[in-house]
Number of protein chains: 2
Amino acid sequence: MDLSKLEKIFGERFSTSEAIRLQHSHDESWHVPKSIPDAVVFPQSSDEVSIILNFANERKIPVIPFGAGTSLEGQVHALKGGITINSLHMNKIKEVNLEDMDCKVQPGVTREDLNLFLRDTGLFFPIDPGANASIGGMCSTGASGTNTVKYGTIRQQVMGLKVVMPDGEIIKTGSRARKSSAGYDLTHLMLGSEGTLGFITEINLRLHGRPDAISTGVCNFNNLNGAVNTVIEAIQIGLPLSRIELLDEVQIKAINKYKNTKHDEKPTLFIEIHGSPLGVKEQIQQFEEISKDNGLIKFEWSDQQAEIDKLWSSRHNAYYAALNLCPGKKAFTTDVCVPISSLTECILETKKDIKNSNIIAPIVGHVGDGNFHLILLLNPDDQKEVNEAKKINDRLVERALRMKGTSTGEHGIGIGKKDFLKTEKGNSVDVMSQIKKSIDPNNIMNPGKIF
Amino acid sequence: MDLSKLEKIFGERFSTSEAIRLQHSHDESWHVPKSIPDAVVFPQSSDEVSIILNFANERKIPVIPFGAGTSLEGQVHALKGGITINSLHMNKIKEVNLEDMDCKVQPGVTREDLNLFLRDTGLFFPIDPGANASIGGMCSTGASGTNTVKYGTIRQQVMGLKVVMPDGEIIKTGSRARKSSAGYDLTHLMLGSEGTLGFITEINLRLHGRPDAISTGVCNFNNLNGAVNTVIEAIQIGLPLSRIELLDEVQIKAINKYKNTKHDEKPTLFIEIHGSPLGVKEQIQQFEEISKDNGLIKFEWSDQQAEIDKLWSSRHNAYYAALNLCPGKKAFTTDVCVPISSLTECILETKKDIKNSNIIAPIVGHVGDGNFHLILLLNPDDQKEVNEAKKINDRLVERALRMKGTSTGEHGIGIGKKDFLKTEKGNSVDVMSQIKKSIDPNNIMNPGKIF
């Protein structure tokens, strides 16, 4: 593979060093890389990305988009070698329009970068996966996080994109209007396409006004059942929850150990409500009433920003806290999402499967959306452990699909869930595949992912 | 064109009568049909639609999906003859899941049918274009209405679809989960594709809880400027408006005449706020304060359901009221949508263009979204009037695109905005076109629309 032309153009921003290539061969998941990219390039603009894609397309060289490397299904693995494009240097916040509450960012901006930049504007960007992911990566996997129950996923925030297509052509999708019916919705086709249709180089995002008042609460329950039923009832009576997160006793134990906190090691809900000062107080009380009917042990709430930040920092570190439970192990993360009426049954049956196994697996979930994760801790070289984890996930996905849910609420397909995609989506995968072929006939964009 | 095979299968639900074909040759807009379909079929199931599409695809016969016929850009015109498929008999509400707040409907169910069915459940479906459109048609054009500012457009309500593809293959998109990252988002590709990619035969919709309290208000202003600025300020301070509609003095006059009401014939806002009884009262007051700073003449509000229904019935009939201003004329409706910070300038410049013309054109708008319509009244046979209307719209679209908005917020491209699509979307139209070709290689689905 002669990449000298790119080397000449990109100079120090082109690397074939083994250390850099190794570093770009994997994400944060348990998936073991079987190969590494031939080179890593760090472009700074859409035009530079276009040069790379045009070059690669003419030579049928695979191209792998790489953001913060925090994906969980092997989305950034260079399965067939090729050129990894890292968006690190595309980290500019190009516009913030306060009046229209929107902004334009490059893909390498992380969610924390953006919120830091916005801190004095009264606006914020609500999508918060556990990791400090890049916004380009979040677009590619259709990410969400703890705020989805109120604000939706990244899909509801993106108003438009600039995308470099596989042949190097640069297109724009969407507009800065709040809605449009002008032609096919290419924005949403790109969102969640995991880098298989093009490289996203600019993102127009909606922003949201910071609420007048925020209150958070921590509620411990006698059992998981009670915690989940509380969520379902709260949503059904229309309580305007902004965040509602479940952590089982194993996950709480992991957090206590990792963050040196002293939460009761019981099934727990972390909740947050946004609104007017009076409204929030009223709603917190309503939530406590529902909790009491469902085996509440203790309810503690706060409206102090320092306390609030501490609580959500614990939640965002759940994945790293879980890993810290068994040093040296990796995390196999499940990601089903089901209609909320089936959530209790789905979690309880799954909990039984974990008990019947030898795997340690904290449960953490965006239960307001019907989405929860097991963090199955395993040694990827121990085939017995891998098989046991896979069996738990197989049964879990089968259960979620039976309940008319999905195998993945927010992590995507990558290389880890390709078999499930076919089971879940049936012959519609053929339509996806037709689209992929028409847009990327040489199959250069992130080959081997999704399909 | 030998359609006898279909006639045998569908019997009385297959028609070649000229009256029926004429009735299916046009929508509610000013666009003059240049041909009529060869036959109209009324299938009852996905399987029956599949038979028709398979038949048509093998013979390369055009197929035109037809809902309630209320489109505004000629979407249902049979430009090259062919088979029009009317969804009238596909009008079943197949599931309502109260606990999960979702439902499954066939495409011929209208928005009013659905809300009538839901009336005792505490749930409702918020998308309300002026006409009593079919939900299939609303999906096809990416419709919205007066509730968008709070609930989003139809695109945010659809969780999944059953679609018959051009070759007769039946696929399912989405799931009943609240979010999913499983493969390409075919749901949103189909929404707004105006029947050019397949025929939608089932729709999974989100529903919403009826609010505890609703208040509506009617506010008259000295000038348009003040009305629009009020909206912008209210949105910028984060007032949780559910509906905020602008009607200029000409539109108010039209409504007074059509509905025999006595609204002051001044630039007017119709607003609605949902929430808790106390919250709504507080917010109505805040809105009144903002209005007073912007030249409010009179503010009247009500929380009586009969009053509320009457007000919104007036608003929903704006199009028919406008037509009634000049009996015999047709309506050329514009549909730009711009970032809200540009809305005042966009409307005022447009108002000047209307004043400088000989056309009567009420303005009505979903101003909370930055979307507004001129209802340009004209005689489609009078080329001078048509040209004058087109000139106003050309200038309006050029203005909206300069402001980074869109030529169509909710009515779609159809046959009326094909030229604008290219200007607005540039080379991304080539990507749309590639997708169309890969999914419908024989170009049987609604040919001549969008592209």
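Two strands pair if DSSP finds at least two bridges between them. Keep that in mind as you explore this predicted model, where local features need pLDDT of at least 70, side-chain atom pairs count only at pLDDT 80 or more, and totals for chains, interfaces and linings use all residues. Residues are numbered from 1 along each chain as its sequence is written, while chains are lettered from A and ligands numbered from 1 in the order in which they are written.

**A sheet in chain B**

Helices (H or I, at least four residues) and strands (E, at least two) are DSSP runs, numbered from the N terminus.

- Five strands of chain B make an open sheet with antiparallel pairing, in the order 5-6-10-8-9.
- At its edges are strand 5 (93-97) and strand 9 of chain B, each of which pairs on one side only.
- From one strand to the next, the twist averages 10 degrees; axes here are lines fitted to C-alpha atoms, for helices over the stretch in contact, and angles run from 0 to 180 degrees between N-to-C directions.
- Strand 5 of chain B runs antiparallel to strand 6 (residues 102-105) of chain B, and four bridges join them.
- Across from B:Asn97 you will find B:Asp102, in strand 6 of chain B.

**Strand 9 and its partner**

- Five bridges link strand 8 (residues 158-164) of chain B with strand 9 of chain B in the antiparallel sense.
- B:Leu161 has B:Thr173 in strand 9 of chain B as its bridge partner.
- Four of the five residues in strand 9 of chain B are buried (20 or more other C-beta atoms, placed from the backbone, lie within 10 Å of a buried residue's own).

**Where the chains meet**

- Chain A and chain B each give 68 residues to their contact, where two residues count as touching if their C-beta atoms, placed from the backbone, lie within 7 Å.
- On the chain B side, strand 9 (170-174), helix 7 (186-190), helix 15 (418-425) and helix 16 (428-439) each give two or more residues.
- Helix 16 of chain B has the largest share of that side, with nine residues.

**Domains of chain A**

- Chain A is divided into domain 1 (4-86), domain 2 (93-209), domain 3 (213-320) and domain 4 (326-425), with bounds from an automatic or database domain assignment.
- The C-alpha centres of domains 2 and 3 of chain A lie 28 Å apart.
- Their contact takes six residues from domain 2 of chain A and 11 residues from domain 3 of chain A.

Key
Buried ≥ 20, exposed ≤ 12 C-beta atoms within 10 Å, placed from the backbone.
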